Amino acid sequence: MAENNILNIVLPVILVLFAPILGGFIMGIDRKLTARMQSRMGPPLIQPFYDVIKLWGKQPFISSSIQPILAFGYFAFSLTSFALLAFGQDLLLIIFTVAIADLCLIVASLNSKSPYSVLGGKRELISMMSYEPILLLMAISIYYVTGSFMVQRILSLNYPLLTYLPLVFLALIPVLIIDLKKSPYDVSASAHAHQELVRGVFTEFSGYTLALVELGHWTKIVLMLSLVTLFWATPIIIGIFLALILFFVVLVIDNVYPRLNWKSMLKTTWSVGVLLIIANIVGLISRVVMRI
Amino acid sequence: MKIMTKARLKSPWVLHYDCGSCNGCDIEILAALTPKFDAERFGIVNIGDPKQADVMLLTGPSNKRNQRVLKNLYDQMPEPKVVIAIGECACSGAIFHNCPNTNGGVDKVIPIDVYVPGCAARPEQIVDGVVLALQKLAEKSEKEVG
Ligand code: SF4
């Protein structure tokens, strides 16, 4: 029993420490796959690490005194929310912590005179507004099935959540697209080479603050993908497989679709996303009612 | 530190600024970034933001109108940085060398590290120029870290 307890603590700690590194590799895979889809060679798998190390060594240009703190806050809160997930804590708390992380980024970008940065910050706020309801409804529907908001409870289920919540799973696709900053919903900033608003929310960051923001972004992506894994938590390997499939789907969508404007992003997530989840919950309720 | 120099060489983010060229050289730069030559396999990303760029690609002779912008962009790029002048115009002014409105070469405004001649410079030459610039970047990086 004691050994089991130690494992329960050591494993999450290792996971938390390696989350940013794992995220870097995921970004590397992303760039490689995207390049292959465009029939290019693509950069090496560890390219994101080169980028971050290089950024760390550049001359710092700080545009406001609070910017480094907020950039660090983005990273720290992303990591905190992943730690909460790894230790099996409350799903709602995780969602709120990641919202604070995003808020740090938004405040940092609004806190500058550059119009690109300010506009990017506003758009980031809108994208947050469009996926946050889906995440909250996801937590609520998980609560409806399992009777608890704790991740620990989900990890000890003996049936996969996906069989009860397939539509909620589908509703996570736009959330992933927005979070990975991929087309068609990369309105606030775009990942690589396709520029809009210069660099959107990231315009004012440079040097080590940009490196911190990148690390935060990687961690956040790992967090989002691990939320997907929860849909098939026992055995977890199938969940990881599911997350990778969803990640691949997002990349295909990114390479097929052009960028849409923020209005269509808001419309899709609030109509299709929310409707999918409500349909799922109504279906579950009616199944219970039919049985009675 | 070896690793920092290596990382710098592996991820040169470029900023492309047209200071009054005929667009011939700009098209060649964009050609060098297309899938055929695939600059991203060397980690080269065309970034629009001077604060995040390492390599500056300049085309055109620069004139009295845009020299202020050029100087500004140069100052906004954090060290270590390298600047490449692409095309005959950017190197010496070429056919515009004694026009009253142009400066006759970007090196009249900011220091240049690598000159890539040609009207227009071919994509192969541009890639060659970037490779030369990376050697300069490595030298600067070694000097900086001691
Ligand atoms: S060097 Fe030739 S092609 Fe290039 S900008 Fe000058 S005139 Fe145009």
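**Notes on the two-chain model**

1. Ser62(B) is buried, at a relative accessible area of 0% (buried is under 20%, exposed over 50%, partly exposed in between, with a 1.4 Å probe and protein chains only). The residue sits in the loop between β3 (55-59) and α3 of chain B; helices here are DSSP runs of H or I with at least four residues, strands are runs of E with at least two, and both are numbered from the N terminus. Its phi is positive, about 65 degrees, although Ser62(B) is not a glycine.

2. Before going on, some housekeeping. This is a predicted model, in which local features need pLDDT of at least 70 and side-chain atom pairs count only at pLDDT 80 or more, while totals for chains, interfaces and linings use all residues. Residues are numbered from 1 along each chain as its sequence is written, chains are lettered from A and ligands numbered from 1 in the order in which they are written, and side-chain values use heavy atoms, with hydrogens and water left out.

3. Most residues other than glycine have a negative phi, and most peptide bonds are trans. Ala94(B) is another non-glycine with a positive phi, near 45 degrees. You'll find Ala94(B) in the loop between α4 (88-92) and β5, and it is partly exposed at 23% relative accessibility.

4. Two cis peptide bonds to look at. Glu79(B) to Pro80(B) is cis, with omega near -10 degrees, and Pro80(B) belongs to the loop between α3 (67-76) and β4 (82-86) of chain B. Cys119(B) to Ala120(B) is cis as well, with omega near -5 degrees; Ala120(B) is in the loop between β5 (114-116) and α5 (123-145) of chain B.

5. Trp13(B) is worth a click. It lies in strand β1 (residues 13-18) of chain B and is buried, at 4% relative accessible area. Lys54(A) lies over the face of its ring, 3.8 Å from the centre; the test for a charge over a ring is NZ of Lys or CZ of Arg within 6 Å of the ring centre and within 35 degrees of the ring normal. Leaving aside neighbours within four places in sequence, Trp13(B) is in contact (heavy atoms within 4.5 Å) with residues of chain A including Asp51(A), Leu55(A) and Leu210(A). On its own chain, its contacts include Gly43(B), Val45(B) and Ile47(B). Ile47(B) is 34 residues away along the chain, with 6.1 Å between the C-alpha atoms.

6. Chain B has a charge over a ring within itself too: the charged end of Lys81(B) sits over Tyr74(B), 4.0 Å from the ring centre.

7. Aromatics next. The whole structure holds 6 aromatic pairs over all chains. Tyr159(A) and Tyr164(A) have ring centres 5.1 Å apart and planes at 55 degrees, so the pair is tilted; rings of Phe, Tyr and Trp (its six-membered ring) pair if their centres lie within 6.5 Å, with planes under 30 degrees apart called stacked, over 60 edge-to-face and the rest tilted. Tyr159(A) is partly exposed at 24%, and so is Tyr164(A), at 31%. Elsewhere in chain A, ring pairs join Phe25(A), Phe49(A) and Trp218(A) into a cluster.

8. Helix α5 of chain A (residues 115-146) has 32 residues, which should span 46 Å at 1.5 Å a residue, and its end C-alpha atoms are 46 Å apart, so the two agree. (The expected span is 1.5 Å times one less than the number of residues.) The helix bends by about 25 degrees at Tyr131(A), with Pro133(A) following within four residues; the bend is the angle between axes fitted to the seven residues ending there and the seven starting there. After α5(A) comes Gly147(A), with a positive phi near 80 degrees.

9. Last, two serines in chain A. Ser109(A), in helix α4 (residues 91-110), is buried at 0% relative accessibility, and its side chain reaches the backbone oxygen of Ile106(A) at 2.9 Å. Ser188(A) lies in the loop between α7 (166-180) and α8 (207-229) and is buried at 4%. Not counting residues up to four places away in sequence, Ser109(A) touches Ser117(A), Val118(A), Gly121(A) and Val201(A), while the contacts of Ser188(A) include Arg123(A), Glu124(A) and Val201(A). Trp262(A) is 74 residues from Ser188(A) in sequence, yet their C-alpha atoms are 8.7 Å apart.

Notes:
A polar contact is a pair of N or O atoms within 3.5 Å; within protein, one must be able to donate a hydrogen and the other to accept it, and residues adjacent in sequence count only if both atoms are side-chain atoms.
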